[in-house]
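Colleague: I have a few minutes before the meeting, could you put the model up and talk me through it?

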Amino acid sequence: MRSQIQSVKFSDTPISGIPHYHNCHQLLFVTKGHSTILLNSKEFLLSSGEILLLSRFEQHSIQDASPDYQRFILKLEPQMQYAQQPRLFSILFNRPKNFNNVIAVGDDFENISGVFRQLIAERQNAHIMNETMIDLLLHQLMIYIYRPM
């Protein structure tokens, strides 16, 4: 089984405000601070405890980040297979017209942070069945994201 995750990391480095897009789906989970996001000609404030969901080729720029801006960044393969759980991954592929790309995680902040840390650890170590564990963690993360919607 091949992981659907292209990359996952934690970052506290400064960012550039250059408009760009990715040839993958991206989830950005802010753990501290805030930033202003320009996405699809709309401006969003992205704060600690919120996740930004970006589909493949969605042009965006991140600007005016606070000095303490920290986040997890997860990039998912553009051709990822989601046939087994289409409802979970629909927020990346099939969105309603007025979809809000920013989701507040509320009480699940620590759980989601933990899943991101586990994903990073699994990707860094070649444990037995780590691809299966990564798949399970990805599904767990998507459930946490989907529930508040």
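Modeller: Here is the chain, and we can go from the overall fold to some individual elements. Please keep in mind that this is a predicted model.

Colleague: Fine, so how many helices and strands does the protein chain have?

Modeller: The protein chain has three helices and eight strands, and along the sequence they follow the pattern β-β-β-β-β-β-β-α-β-α-α. The radius of gyration is 15 Å, close to the 15 Å that the globule rule gives for 149 residues, so the chain is as compact as a globular protein of that length.

Colleague: And what does the C-alpha trace span along its principal axes?

Modeller: About 40 × 35 × 30 Å. Of the 149 residues, 46% count as buried, and among contacts with a separation of 6 or more, 77% are between residues 24 or more positions apart.

Colleague: Now the sheet, what is the strand order?

Modeller: The order is β1-β7-β2-β5-β8, in an open sheet of five strands with antiparallel pairing. The edges are β1 (5-11) and β8 (102-104), each of which pairs on one side only, and the twist averages 15° from one strand to the next.

Colleague: How many bridges join β1 and β7?

Modeller: Six bridges, in the antiparallel sense, with β7 covering residues 70-76. Within that pair, Val-8 stands opposite Leu-74 of β7.

Colleague: Which strands do helices α1 and α2 lie across?

Modeller: Helix α1, residues 86-93, lies across β2 (25-32), β5 (50-54) and β7, and runs at about 90° to β2. Helix α2, residues 109-124, lies across β1, β2, β5 and β7, and its direction is at about 120° to β1.

Colleague: That leaves α3, so how far apart are its end C-alpha atoms?

Modeller: They are 24 Å apart, which agrees with the 24 Å that the 17 residues of α3 (residues 130-146) should span at 1.5 Å a residue.

Colleague: Changing topic, is Thr-36 buried or exposed?

Modeller: Thr-36, which is found in strand β3 (residues 34-39), counts as buried because its relative accessibility is 14%, and the cut-off for buried is under 20%.

Colleague: What does Thr-36 touch, leaving out residues up to four places away in sequence?

Modeller: Thr-36 touches Glu-43, Phe-44 and Leu-45, and also Ser-61, Ile-62, Gln-63 and Asp-64.

Terms used
Residues numbered from 1 in each chain as written. Predicted model: local features only at pLDDT ≥ 70, side-chain atom pairs only at ≥ 80, totals over all residues. Heavy atoms only, no water. Pairing = 2+ DSSP bridges. Helix = DSSP H or I, 4+ residues; strand = E, 2+ residues; numbered from the N terminus. Axes fitted to C-alpha atoms, helices over the stretch in contact; angles between N-to-C directions. Contact = heavy atoms within 4.5 Å. Buried < 20%, exposed > 50% of the residue type's maximum accessible area, 1.4 Å probe, protein only. Expected span 1.5 Å × (residues − 1). Rg over C-alpha atoms; globule rule 2.2 N^0.38 Å.
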